Amino acid sequence: MYIAMNRFTVRHENAKAFETLWLQRDSQLKGLPGFIEFHMLKGPETDGGTILYSSHTVWEDEDKFRDWTRSEAFRAAHKDAGTMSNLYVGPPQFEGFTTIQTIS
């Protein structure tokens, strides 16, 4: 499996708008080859007034994830990404992980 994550640092006053945006968006992931699941995670609030969020997708393998990033579905899902940049501090930080062990 391959896990792709984007970390977002969101100002406390923008948290509700950020969450609403993600909860109401039209996900392009369902039915894509190799897609397993998606999670939007909310982490702790810092002393500086920001909250850490992470989008987390699980794929059969890295190739399936890379195929998605080159697809029309990816472009459609991210067409308005620039319009929400005012909700978070700095750009999202991407992290990709290849699974070396799974315990179910």
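How many bridges join β2 and strand β3? Eight bridges link them, and the two strands pair in the antiparallel sense. This model is predicted. The briefing starts with the sheet, then turns to a helix and to one residue.

**The sheet**
- Four strands make up an open sheet.
- Their order is β2-β3-β1-β4, with antiparallel pairing.
- The edge strands are β2, residues 35-45, and β4, residues 93-98.
- Each edge strand pairs on one side only.
- From one strand to the next, the twist averages 20°.

**The β2 and β3 pair**
- Strand β3 covers residues 50-59.
- Phe38 has its bridge partner in β3, and that partner is Thr57.

**The helix on the sheet**
- Helix α2 spans residues 62-69 and packs on the sheet.

**A look at Thr98**
- Is Thr98 buried or exposed? Its relative accessible area is 55%. Exposed means over 50%, so Thr98 counts as exposed.
- Leaving out residues up to four places away in sequence, Thr98 touches Met1, Tyr2 and Glu62.
- Thr98 and Val58 sit 40 residues apart in sequence. In space, they are 10.0 Å apart, C-alpha to C-alpha.

Technical notes: Residues are numbered from 1 along each chain as its sequence is written. This is a predicted model: local features need pLDDT of at least 70, side-chain atom pairs count only at pLDDT 80 or more; totals for chains, interfaces and linings use all residues. Side-chain values use heavy atoms; hydrogens and water are left out. Two strands pair if DSSP finds at least two bridges between them. Axes are lines fitted to C-alpha atoms, for helices over the stretch in contact, and angles run from 0 to 180 degrees between N-to-C directions. Contact means heavy atoms within 4.5 Å. Buried means under 20% relative accessible area, exposed over 50%, partly exposed in between (1.4 Å probe, protein chains only).
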